Amino acid sequence: METFTTVPKHKLNPSKWVDLYADYLFNYTISRVNDTIIAEDLVQDTFLAGLKSAENFKGEAAERTWLISILKRKIIDHYRKINSNKGKAEVKMDLNFDGEQEGSWLEQKVADTYDLNAEDAIQNKELGLAIQDCLTKLPKKQAEVFIKKTIQGMETEDICKELNITASNLWVIIHRARTTLMECLENNWYKNE
Amino acid sequence: MSKKKNTLLVSCEQAKHICDKMQYGEATLLERLKLRFRIMWCKATKSYSKKNSDLTQLCKEAKIKTLDKEKKVEMKRKIDGFS
């Protein structure tokens, strides 16, 4: 009773990290580094770094938020490493600018020429994470079957064999998963659009 | 006439089931016809069908990836081995 106020809101449960967060962290990473192998390694590093600094976890943030904050640092480190390998990133500038354009020249020089696609990319990145979020709210079995069928594109027959269920079981599970996901995305995606 | 109608008539639940299968290209031509037929007059089926196609579309657009099963096993092993 006397320790009530010091009980942290959130606790770490590393044995469940892979099942609960690995795919979420993986998608988060892959949209930022664009390389499967590197993304896998960064997720792995994040889990290990999390274990190493588990004692620093104060329980104020949710487990996933805490892991994401570690992952962000890992991603930044990754880019630092690449940049130091390549030599510093260089922006070549023509300094003979027109006085009227003062203030805007630097932005023009460093503007990302792929900017037209950037909005779409950001949109897809967020959509991916919104779907992942909704997937974590499903019962484990439903999420597993839905991912195998929809995201990995496995055949009905193969899933049934692997999970030892009948085809009609599978369709009932798929139906429940889809209904929940539709509702979840309705609240978390369409409303934020 | 009425006989033909009966073969096309499915319940709302059956229509939803066909609609689910359709998202994965696993509904037969006859099933698709049955679904179309029901959508003509059943608002619940129509709304389900619309949301269901949207979900399929969103999943495609999002390009979600999952980690290999082996990779996950390896990660679990490393985490368990840490302590």
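Reply: Let us start with B:Asn52, which is found in helix H4 of chain B, where helices (H or I, at least four residues) are DSSP runs numbered from the N terminus. The model is predicted, so local features need pLDDT of at least 70 and side-chain atom pairs count only at pLDDT 80 or more, while totals for chains, interfaces and linings use all residues. Residues are numbered from 1 along each chain as its sequence is written, chains are lettered from A and ligands numbered from 1 in the order in which they are written, and side-chain values use heavy atoms, with hydrogens and water left out.

Me: Is B:Asn52 buried or exposed?

Reply: Buried means under 20% relative accessible area, exposed over 50%, and partly exposed in between (1.4 Å probe, protein chains only). B:Asn52 has a relative accessible area of 0% and is therefore buried.

Me: What does B:Asn52 touch?

Reply: Contact means heavy atoms within 4.5 Å. Not counting residues up to four places away in sequence, B:Asn52 touches A:Arg178 and A:Met182 as well as B:Cys19, B:Asp20 and B:Gln23. Its side chain also makes a polar contact with the side chain of B:Asp20 at 2.9 Å; a polar contact is a pair of N or O atoms within 3.5 Å, and within protein one must be able to donate a hydrogen and the other to accept it, with residues adjacent in sequence counting only if both atoms are side-chain atoms.

Me: How should I read helix H2 of chain A?

Reply: The expected span of a helix is 1.5 Å times one less than its number of residues. H2(A), residues 36–52, has 17 residues and reaches 24 Å from its first C-alpha to its last, close to the 24 Å expected. A:Asp35 caps its N-terminal end, with a side-chain oxygen 2.9 Å from the backbone nitrogen of A:Ile37.

Me: How is the interface between chain B and chain A described?

Reply: The size of an interface is often given as the accessible area lost when the parts come together. Buried area is that loss (1.4 Å probe), summed over both parts, and between chain B and chain A it is about 3500 Å², of which carbon and sulfur atoms give 66%. In chain B, B:Tyr24, B:Ile64 and B:Ile79 lose the most area to chain A, together 20% of what that side buries.

Me: How many salt bridges are there between chain B and chain A?

Reply: A salt bridge is a side-chain nitrogen of Lys or Arg within 4 Å of a carboxyl oxygen of Asp or Glu. The count between these chains is five, and A:Asp23 and B:Lys72 meet in a salt bridge at 2.8 Å, N to O.

Conventions
Helix = DSSP H or I, 4+ residues; strand = E, 2+ residues; numbered from the N terminus. Buried area = accessible area lost by both parts, 1.4 Å probe.
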